[in-house]
Amino acid sequence: VCSSDLPTPRLPNGKPDFSGIWGGPNPEAVLDPANEKPWIHELVLQRQREYHKGRPSYRCLPSGPEVDTYAGSKRIIHTPEMIALLNDDLSYHIIYTDGRELEANPAPSWMGYSVGHWDGDTLIVDSNGFNDKTWLSRYGQGHTEKLRMREVYRRRDFGHMDVDVTFTDPDAYVKPWGFTSHMELRPDDEMLESV
């Protein structure tokens with residue numbers, strides 16, 4: 001039986017259950033230098049000249065919302081009140097789904113502060129509260145503490161989930177930009193540390 005022939009598993013409240021170990025290829029964000037504010041464009045060029053030596057993951061620091069964090073393996077633990085995404089680099093991301101509002105001024109952190117709400121079977125997650133130490137791509141795109149991220153999760157069937165990600169930071173980019181991650185369930189795998 002193909003995993004696309006199996007229905008999406010559900011929680012007791014009827015919502016799709018995202019639990020499991022998921023992975024996928026590196027998503028490719030379409031980067032547009034014309035969308036970067038001049039200071040961000042210069043920062044990207046500087047990081048390229050330095051061979052990206054300051055990239056957080058190269059320094060054993062959390063990658064935050066970087067595009068590449070949607071590749072590799074992650075374990076998702078899903079309850080009706082929250083979702084925990086455990087990354088293979090030993091960092092984690094909590095999404096609260098208990099009806100709370102997004103905090104107006106959360107303390108800046110590596111992984112940000114996230115709340116999600118359901119639109120039918122689609123989970124919409126809004127995040128803020130990121131510090132400015134993380135990168136948005138392995139190519140060196142930076143951001144400010146005004147960064148906002150929206151993730152839209154859709155579990156298509158038993159074995160496939162798509163995540164649309166949009167970054168908004170008016171102090172760093174002319175307009176929002178993002179990418180789509182196509183993830184596959186890895187039910188017979190176990191996560192290994194990647195540090």
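Here are a few questions and answers on strand pairing and cavities in this predicted model.

Residues count from 1 along each chain as its sequence is written, and side-chain values use heavy atoms, with hydrogens and water left out. Local features need pLDDT of at least 70, side-chain atom pairs count only at pLDDT 80 or more, and totals for chains, interfaces and linings use all residues.

Q: How many bridges join strand 7 to strand 8?
A: Strands here are DSSP runs of E, at least two residues, numbered from the N terminus, and two of them pair if DSSP finds at least two bridges between them. Strand 7 and strand 8 form a hairpin with 2 residues between them, and R155 has M161 as its bridge partner in strand 8. They run antiparallel, and the count of bridges is 9.

Q: Which residue in strand 7 is the bridge partner of L123?
A: Strand 6 (residues 122-128) runs antiparallel to strand 7 (residues 148-157), with 5 bridges joining them. For L123, the partner in strand 7 is Y153.

Q: Which strand gives the most to the lining of the largest cavity?
A: A cavity is a set of points on a 1 Å grid over the protein atoms alone where a 1.4 Å probe fits but cannot get out, and lining residues have an atom within 4 Å of a point. The largest one has 17 lining residues, with T69, Y70, K74, H93 and E151 nearest its centre. Strands 2, 3, 7 and 8 each give two or more residues. The top contributor, with 3 residues, is strand 7.

Note on methods:
Helices (H or I, at least four residues) and strands (E, at least two) are DSSP runs, numbered from the N terminus. On a 1 Å grid over the protein atoms alone, a cavity is a set of points where a 1.4 Å probe fits but cannot get out, and a pocket is an open set with protein on both sides within 12 Å along at least five of seven lines; lining residues have an atom within 4 Å of a point.
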